[in-house]
Every structure is written in structure tokens, then in C-alpha cells.
Amino acid sequence: MIAFEAVSKTYAPKANAKGDGHAALSEVSLSVQAGEVFGVIGASGAGKSTLIRLINGLEKPTDGRVVVDGDDVAALGVEGLRALRRRVGMIFQHFNLLSSKSVADNVAFPLKLAGRPAAEVKARTAELLARVGLSDHATKYPAQLSGGQKQRVGIARALATGPRILLCDEATSALDPETTEQILDLVSGLNRELGLTIVLITHEMDVVRRVCDRVAVLEAGRVVETGAVEDVFLHPASATARRFVREADGEPAAGALLAGRVVRLTFKGEATYKPVLGEVARATGVDYSILGGRIHRLRETPYGQLTLALTGGDVDAAIARFQAEGVRVDPVLAGEGA
Amino acid sequence: MNNIDWAEIGQATFDTLTMLGGSMLLTVALGLPLGVILFLTGKGQMLENRVANGALSLLVNILRSVPFVILLIVMIPLTVALVGTSLGVQGAIPPLVAGAAPFFARLVETALREVDRGVIEASFAMGAKRRQVVLGALLPEAMPGIIAAATVTAIALVSYTAMAGVVGAGGLGDLAIRFGYQRFQTDVMVVTVVLLLILVQVLQMVGDTVVRRVSHR
């Protein structure tokens, strides 16, 4: 659906500055499948905003190609680009609603831009407002709405022209946790019910964990890790991904001073709820102290991760038993954290 | 109050309002597009063009730096070419527009700069053409600022019309100078000043009301 082929983007240097300009993205290759929710996580300045804007041609790559739905975005003419943008909706961190237009007129705006007949605009606007639960607010102005309601208007507006792709530019970063959850639920629902392909950029691992199927980790303009969210989340390979995971879960207890073997157990799905720990401890005579742990959901899948120090008894047998129960066991190196 | 000729004051009021109305209409007609072009050709904007922007900016600055009394005289040949006379209400309108339109254009440019860039970006992301972005998003978003700018410009025009007496354009300001000042008829002075004050007050109130109506922030 969307493919980045060795895409680089360099911003021209400032007129009075020396140097070659600022490289926002370097050699980024990615592919987003139709119908998936793809997350891009990175710190501010990592190039996320540039990356998402390359998809609808708000930015042009310096090198490489961005192919959306079979079209090379940079090669499209003015009309081709406008047609593409009607197939790609976008929502923003600060909503970017027109303060001079009512809620209904904001939602109707892309339809009017596309030159649709008035009757169709009216019917479609009402339908979209109903979908995002704002039918009662049609005649209000954005300034009269809460942040969550504004983002709902943004979503209705983005959906107006019936896009197949939705781009979310830090769409929940300006919202409180409860509202964030509601907006993420709405976005997930669009993915499930309308089969929308969604690309979202964020600096919060929690957002990725809740809604994404796959994630790319961006660091200083490069993709340092890509994979299924559960893999990246449970077994982050890059330092950047580990940092984001730690931010989402809080620091584990330091285990450096404890005796015994320190291991990390990962439970997924049904195994999360089984009393494995006690069974294995009784059977093998191994004692354990819990150094850190988390139990959560990745979209619909429950998972647990525990960092344990195992002492006494037959540690190897204990590890083998854990594995037999479907629990993944990884050794924890000193200083790595959980 | 024995010096006051109410018929003359009525005529002067009418002249002031005619000059104000005519020049304001043309000021907006010329200044609004000029302000939009100044903004669009500016740095980082959608029609960025340093040469065009520099040239327009220079023109605006020249017109704004000439004191209005001087402009009134310097423009006489051009005024004659445009409206056939340099005298009267007709002769006053071209210099009034030349003085006020650049001022209004600058205020419009500033009002457009206040528009959130995110809104412009969102409009493009929705598939808007440039023309649609300007007419459908940029101008409506800047409308409260543009109306406020028009109010300030109209009030500046009121004080410019007072100087238009130099070319025999008449009006309240002219009356105040010829009778109130040169003939020491203080009562005429007081009446004209009060009428000008009322005019300015009304303009400001109307402007503020319209701004409140169009502003939904």
C-alpha cells in the first residue's frame, strides 16, 4: 500500500549557515501493508513529521521514492497529487481545524474542495458527524469544543472524501490520557470496520502498544528497528526501542547486586494467566525473587514479562520447564535492565 | 453659535462622507489583493518570490513614507490623468487611495501572518488548490484581523480627508481650518471637531461589532 524505497530528505541549509543542510531522513525503507496499523515511533527531531508528510506529498524526498497505492508521489502532477490527497486522510496533533467555520462546515470543507454537489455534501457531513458522535455539535465552532471533540471533528474531516489511508500526526499528543484512549479506540475501530490502512507517528510507546500491528523505530533520521509490535515491545533489539519500552513501563528494580541467575520470562496469551511460577518453583526447588515485571495488553493479546533472580535447586531444569510451558526465557545481562 | 451656517456644515459632512466612502472602497479593492500578494510572495510562503516581494514592499514603503500633504501635491499630474481634475472631492480620492491602500495592505499582510500554518497545511492535505487555500481557508481565518485593519484604515482616512482641503476638496476638516482657525470662529471649530469625533466613534463601534460577529476563536 505504501512503500519507502531508500528515501532521504535533506533540508536546504539556512542562507547564512555553512554546511550541507540538515538531513531529516537517511535511506529510509519501509513498507506498509493494506489494512494494517503501522506505527512510527521516535523522539522529537527524529524525522517522524517529515516521514509522514512524504506520504501525501506535503514534503518531497531528496532521494529515493515513496510509492503510495502504486503511484510514485513525487512524480504526480498537480491534479494527480490532489487526487491522491483525497484518498489519504490526515489528522494532526493540534487538530488544525478552521476556527472560522462551524463543525459541519469543517467536515464539509474537503467535499466542497472536491466540488461535490451540495446535497451530497450535506448528507455525507451528517453521516460523518454521526460516526464520530458529534451530531449534536454540528453548528458549534471549534473554539467551543474540548480537545477530544476537536480531534473527532478532525477525524470526520479526514474521512470525508472516503480515503483508504489515514495518516495520524501525533494525533493524541495534545490530549489527556482518558481522551487519548477514546481517540485511539475510534482510530482502531476505523481500521477494523472500514479496513483503513493507518500510519501513525508518535513519541509514546503506549500509543503503539494499544493500536499498532507493526512499528518502525526512528532515530536521527534512520530506521533502527522494524517489526511486529509484540516483538519490538517484548524483545527490543535496538537501544532506542529499549529506551521507549522502558519509558512506557517504568524502571525495573536493579538486579546487579543479587546472587543467582537473572532471567526475563515472557508470557503471552493464555500462558499469562497460568500459575506457572509456583509450579516450577515447587517442582525444581528453585527460589525466585522478582526484580521487575509488567502485565499488560498488546491490542487484544495479554502478555506478562517478569525479571527474576533464580537461586538454589536446579536452575537449568527450571528454565527448561518454563520453556515447556510456552514461556520464553532470556538471560538478562548486567546493566541491560528489564 | 452665530457663525454657524448649518447648510455649509451639512455640505461639508456630505463631502467628508463621500470622500471617505469612495476612497475606502478603492483602498480595500486595491489594498486587499496587494496585502495578499505581499503575504504569499513572502519568505516560506506558497508563492515565495524575493524579487516580486522586494519590489512591492519598496513601493509600499515609498508611498507610506511620503507625508499625506506632500502626496496630495506630488500626485496632481497623476490625479488629473486619472479623474480629469485635481480639485474637489474627485481630485482628493486618488491621493487618499494612494496614501491608504499601502497602509491597509501592510495591515492585511500582518493579519494573514497570524493565521495558523497548520490550517494551511491541513487544507493542502485535503487536496485544496492554492486558490482554494487562499479563498477558502486563509482569508476566512484572517477575516477578524482584516476587518480590524479596515477599521483602523477608515479612521486614518478620516484624518487624511481633513488635509484634502488643500486641493479644495471641502469636507469637515477643511471647514475647521478655513473658518474655525483662519477666521477665529471657534464655534465652527467645535462643531466640526465634534462631528469628526462622532464619525470616528461610529466607525470604531461598527468595526468592533463586525469583528466580534466574524470571530469564532
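**View 1. The two domains of chain A, whose C-alpha centres lie 38 Å apart.** Chain A is divided into domain 1 (2-10 + 20-247) and domain 2 (261-331), with bounds that come from an automatic or database domain assignment. This is a predicted model, in which local features need pLDDT of at least 70 and side-chain atom pairs count only at pLDDT 80 or more, while totals for chains, interfaces and linings use all residues. Residues are numbered from 1 along each chain as its sequence is written, and chains are lettered from A and ligands numbered from 1 in the order in which they are written.

**View 2. The side of domain 1 of chain A that touches domain 2 of chain A.** Seven residues of domain 1 of chain A are in contact with six residues of domain 2 of chain A, two residues being in contact if their C-beta atoms, placed from the backbone, lie within 7 Å. On the domain 1 side, α7 (205-211) and α8 (229-234) of chain A each supply at least two residues, and the largest share, four residues, comes from α8(A). Helices (H or I, at least four residues) and strands (E, at least two) are DSSP runs, numbered from the N terminus. By class, this side of domain 1 of chain A has four nonpolar, no polar and three charged residues, where Ala, Val, Leu, Ile, Met, Phe, Trp, Tyr, Cys and Pro count as nonpolar, Asp, Glu, Lys and Arg as charged, and the others, Gly among them, as polar.

**View 3. The contact of chain A with chain B.** Here 19 residues of chain A are in contact with 18 residues of chain B. On the chain A side, α2 (78-87), β6 (88-92) and α3 (103-113) each supply at least two residues, and the classes on that side are 10 nonpolar, five polar and four charged residues.

**View 4. An open sheet of four strands in chain A.** The strands follow the order β2-β1-β4-β5 with antiparallel pairing, two strands being paired if DSSP finds at least two bridges between them. At the edges stand β2 (22-32) and β5 (71-72) of chain A, each with a single partner strand, so one side of each is left without a neighbour in the sheet. Five bridges join β1 (residues 2-11) of chain A to β4 (residues 63-68) of chain A, and Ile2(A) stands opposite Val68(A) in β4(A).
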